[in-house]
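Here's a quick briefing to read with the structure open beside you. Take it one topic at a time and find each residue as you go.

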Amino acid sequence: MPGLWMTRDDVAPLWPGSNHELGATWSEESTNFAVWAPEATTVELCLVDDDGVETRHRLTEQSLGIWHCAVPGIEPGQRYGYRADGPWDPDRGMRFNPAKLLLDPYAKAVSGALSYGPAIYGEAQVDGVGTGAREETDSAGHVPLSVVVDDRFDWGDDVPLRRRWRDTVVYELHVKGMTRLHDRVPEELRGTYAGLASPAVVDYLRDLGVTAVELLPVHHFVTEPAVAARGLVNYWGYNSIGYFAPHAPYAAAGDRGEQVVEFKEMVRAFHAAGLEVILDVVYNHTAEGGSDGPTLSFRGLDDTVYHRVRPTAPGEVFNDTYWDVTGCGNTVDASHPFALRMILDSLRYWVTEMHVDGFRFDLLSALARTGHSVDMRSHLLTAIGQDPILRRVKLVAEPWDASMDGYRVGEYPPPWTEWNDQYRDEVRDYWLGHSPGTRTVATRLAGSSDLYADDGRSPYTSVNFVTAHDGFTVRDLVSYDRKHNEANGEQNRDGTDNNRSWNHGVEGETDDEEVLRLRRRGAANLMATLCLSNGVPMITAGDERGRTQRGNNNAYCLDDETSWIDWRPDDAWLDVYEVTKAALQLRRDHPALRQRHYFEGRPTIRGGPKDLAWLHPSGREMTPADWHDPELTVLGMFVSGAPLRAPGPRGEQQVDKSFVMWFNASHHHVPVDLPENDWVSHGEVVLSTDPGHAVGSPVRSGTRLLLRRRSVVVLRES
C-alpha cells in the first residue's frame with residue numbers, strides 16, 4: 001500500500017513509475033523499475049553501491065501483477081536487485097524468501113559472479129536435500145546483480161542483411177573458444193566479443209566462405225552447483241539466468257553495461273563484413289534447476305509461471321515436483337501468458353536493440369507444448385509466426401527435447417528451419433562404414449524431401465550438419481571409436497555412445513602416416529559432402545582445420561585447451577581447410593548447388609536432361625535393385641544447370657554449369673564410367689579428395705575414371 005503523508009510538503013522518494021516496460025528503463029530524469037511478482041506481498045528494490053551496501057526501497061505501486069516505481073538520479077551502471085516476500089508454501093508453488101537478493105528477469109546487463117554455498121538456496125538443505133524450511137542466510141554478496149543500462153548506441157548505417165536461406169552457410173562457434181588461443185587477436189581481447197569482432201577472425205570467416213555465425217549461448221548464464229562442486233564450469237552456456245543480458249565474462253570492457261556496448265560493436269562489425277549473427281537461445285529451462293536448486297531470480301518472484309510442474313494426481317491441487325523434459329531440472333512453461341511474454345520480449349529486444357539476425361532454439365519441443373503435449377499450433381509457435389518482427393528473422397529449431405515424445409524432426413511449421421540429425425547420422429554412416437548401401441545418403445544429399453516436401457517446405461528447411469558443439473569433432477569422428485570423457489568427472493558415463501565414428505584402426509592420436517592420410521581424407525570427404533548437399537550447411541568451428549577434443553564428445557564443462565580452437569599451423573589439417581573452402585566457393589558461385597526447389601528427376605526444359613540423375617559406377621542410371629544393394633557404396637550425382645527449375649527474380653531462366661559428383665565410400669579403388677550423353681561432353685575436376693585426380697584435370701564423357709578408395713571427385717561442365 002502507498003505510504004502515509006506526514007505534511008503537505010512531503011515528496012515521495014519513489015515516483016510511481018509505470019508498469020508498461022519491464023526491467024530497468026533509464027532516462028536522464030529517472031529510471032523506471034518494473035518486475036512481475038503477482039503473488040508477492042511485498043517487493044523491495046535494492047540499489048547496491050560499489051562497496052556492496054544496499055539501499056532498499058519498498059515498492060508501493062502494483063498494477064496487473066507488476067510492481068513498479070521510478071527513481072530519479074540513477075546513473076547507468078547502477079547495480080540493483082529485488083527482494084520479494086510472500087507465502088512460503090512450496091506445495092503450492094510459493095517460494096518467497098526476502099533473504100534472497102534476486103536478479104531482475106528483464107535485466108539488460110548482469111554484474112558479478114555466483115559463489116556456491118547455503119546462501120544461494122531459498123530452501124534450507126541438509127546433505128543436498130531440502131528440509132521444507134526457508135534458508136535464512138542472506139544471499140547478498142553471493143549472487144550476481146542486475147545493472148541499469150543506457151540503451152543509446154550509434155548503429156550508423158547498420159541494417160539487417162536478410163540473406164536468403166539458400167545462400168546461407170552457418171558457422172557454429174563459441175565466443176570464448178574461438179579466440180582464446182588466437183595469436184593474431186590482441187591478448188587483452190582474446191575470448192571476448194571484441195576479440196571475435198577483430199579483423200583476424202572476421203577476415204578468416206569471410207575468406208572461408210561462411211555467411212552467418214551461430215553463437216553458442218550468450219544470454220547471461222551460471223554454472224550448475226553440481227558441476228561447480230567438481231571444480232568445473234558450464235563452458236557451453238546452456239544454463240541461462242538473464243534472457244536480455246549478454247554474458248558478462250565475454251566482455252573485455254567490463255560488466256557495468258560495457259558488455260552491451262561491446263556486443264553491439266561486435267554485431268556491427270560482422271554486418272559490415274556481410275556476416276549475419278544467429279544466437280543459440282535456451283528458453284526451455286532456467287539456471288535455477290530442479291526444486292532443490294538455487295533461488296536466483298524466477299523462483300523467488302513467481303515459481304509457478306517460469307517452471308512447469310508435473311501433472312497432478314486426482315484430488316491434488318498442486319504438485320511441487322517440476323516436470324522436466326529438458327534434462328536440466330525444470331521446464332519453462334511457455335503456455336503461461338507471462339512466461340510467453342518474457343520470451344517474446346527477449347527475442348524482440350535482441351532483434352531491435354542488439355540487431356541480431358536470427359535464433360536457434362535449444363530443445364524447442366520443450367517449449368512447443370499445449371498442456372504437456374507437443375503441439376505445432378502451440379502458443380509460442382503461433383505467436384512467433386504472427387509477430388511482424390520475429391517472423392522475418394532466421395528461426396532454427398532443434399526439433400526435439402529430452403522426452404520420449406519430443407522428437408519432431410520434419411514437423412515444425414513455416415517459417416522454421418530445422419537441425420536435421422538424420423542428415424548427420426546417415427552421412428556419418430555412409431563415410432565411416434556403417435551404411436547399408438547408398439539409398440538413404442542420396443536422399444540427404446538431395447535435400448531430405450522425405451522430411452520436408454510433404455508440407456510444402458523447401459530444401460533449405462534442412463540445416464545440414466555432421467557435427468555440432470555436442471559430440472565428436474570431425475577429426476575425432478575419424479580418430480576414435482569410443483568417447484573419452486574422463487575429464488568431465490562423471491566416470492565417462494556422460495555423452496552419447498552412438499558416435500557413428502571410425503578410428504581407422506588406431507584409437508586416438510597416432511604417428512602412422514597411412515592412418516593419418518586416410519583420416520584426413522575422411523574428414524575432407526565429410527566436409528565436402530556437407531558443403532555440397534542441398535540444404536543449409538552448418539560447420540562447427542574448427543572442423544575445417546582438424547580441431548580435436550581428444551575423444552571427448554561432451555566437453556560442456558571444460559573451459560581449457562580441450563574446447564578452445566588451436567590456431568597454430570603445427571597440427572592443423574590445412575588440406576581439409578582447402579577442400580572446405582573450395583567446396584563453399586563452388587556452392588557460392590553455382591546456384592545449381594544450392595537450389596530453391598527439390599529435384600524432380602525429370603527435365604526442366606523440353607528435350608533437356610533430367611535435373612537430377614543418380615549414376616551407377618557403370619555409367620548407367622541407378623535401378624531399384626541398385627538402391628537396395630548393401631554392397632554398393634559408390635554413387636554418382638548428376639546435377640543439371642541447363643536451365644534450373646526455379647526462375648530468376650524477373651521470371652527469367654537461370655542457366656548454370658552442370659555437375660557430376662562422385663562419392664566412393666568403399667575400401668577399394670573403383671572404376672567409374674562417365675556416360676555418353678547429348679548435353680555434356682567435356683568437363684574438368686573442380687574438387688577432389690582423390691590424390692589421383694588433381695583439380696583442373698580435363699575429363700570427357702564416355703571415358704573411365706579410377707576413383708581411389710574413400711574419396712570425392714566433383715566434375716564441372718566446361
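Predicted model: local features only at pLDDT ≥ 70, side-chain atom pairs only at ≥ 80, totals over all residues.

E411 has 38% relative accessibility, so it counts as partly exposed.

**Salt bridges**

- The structure holds 52 salt bridges, and here are some to look up.
- R475 forms a salt bridge with D571, and the closest N and O atoms are 2.8 Å apart. R475 sits in helix α12 (residues 474-477), while D571 is in the loop between β25 (536-540) and α14 (574-589), so this pair ties together parts that are 96 residues apart in sequence.
- The two partners in that pair have their own labels: R475 counts as buried because its relative accessibility is 2%, whereas D571, at 38%, counts as partly exposed.
- K483 and D497 also meet through their side chains in a salt bridge, at 3.2 Å from N to O. Both K483 and D497 lie in the loop between α12 and α13 (513-532), so the pair ties together parts 14 residues apart in sequence.
- Buried or exposed: which is K483, and which is D497? K483 is buried, with a relative accessible area of 8%, but D497 is exposed, with 64%.
- Salt bridges can also link up into a network, as E44, E54, R56, R83 and D138 do here.

**A six-stranded sheet**

- Six strands make an open sheet, and reading across you get β26-β27-β28-β33-β30-β31, with antiparallel pairing.
- Which strands stand at the edges? They are β26 (612-615) and β31 (698-700); each has a single partner strand, so one side of each is left without a neighbour in the sheet.
- On average, neighbouring strands of this sheet are turned by 25° against each other, ignoring direction.
- Zoom in on β30 (residues 682-688) and β33 (residues 711-717), which pair in the antiparallel sense over five bridges.

**Cysteines**

- A disulfide is a covalent bond between the sulfur atoms of two cysteines.
- How many disulfides are there? The count comes to zero.
- C531 counts as buried, because its relative accessibility is 0%.
- C557 is in no disulfide, and the nearest cysteine sulfur, belonging to C328, is 14 Å away. C557 is buried as well, with a relative accessible area of 1%.

- In soluble globular proteins, nonpolar side chains tend to be buried together.
- The largest nonpolar core here has 145 residues, and L215, F263 and F359 touch the most other members. Helix α7 (residues 337-352) gives this core its largest share, ten residues.
- What does L215 touch? Leaving out residues up to four places away in sequence, its contacts include L173, V175, L196, F263 and M266, along with V277, I278, L279 and D280.
- Apart from that core lies another one, of 24 residues, including F33, V35, L47 and F96.

Terms used:
Residues numbered from 1 in each chain as written. Heavy atoms only, no water. Salt bridge = Lys/Arg side-chain N within 4 Å of Asp/Glu carboxyl O. Buried < 20%, exposed > 50% of the residue type's maximum accessible area, 1.4 Å probe, protein only. Helix = DSSP H or I, 4+ residues; strand = E, 2+ residues; numbered from the N terminus. Pairing = 2+ DSSP bridges. Axes fitted to C-alpha atoms, helices over the stretch in contact; angles between N-to-C directions. Disulfide = S-S within 2.5 Å. Core = buried A, V, L, I, M, F, W, Y, C linked by side-chain atoms within 4.5 Å. Contact = heavy atoms within 4.5 Å.
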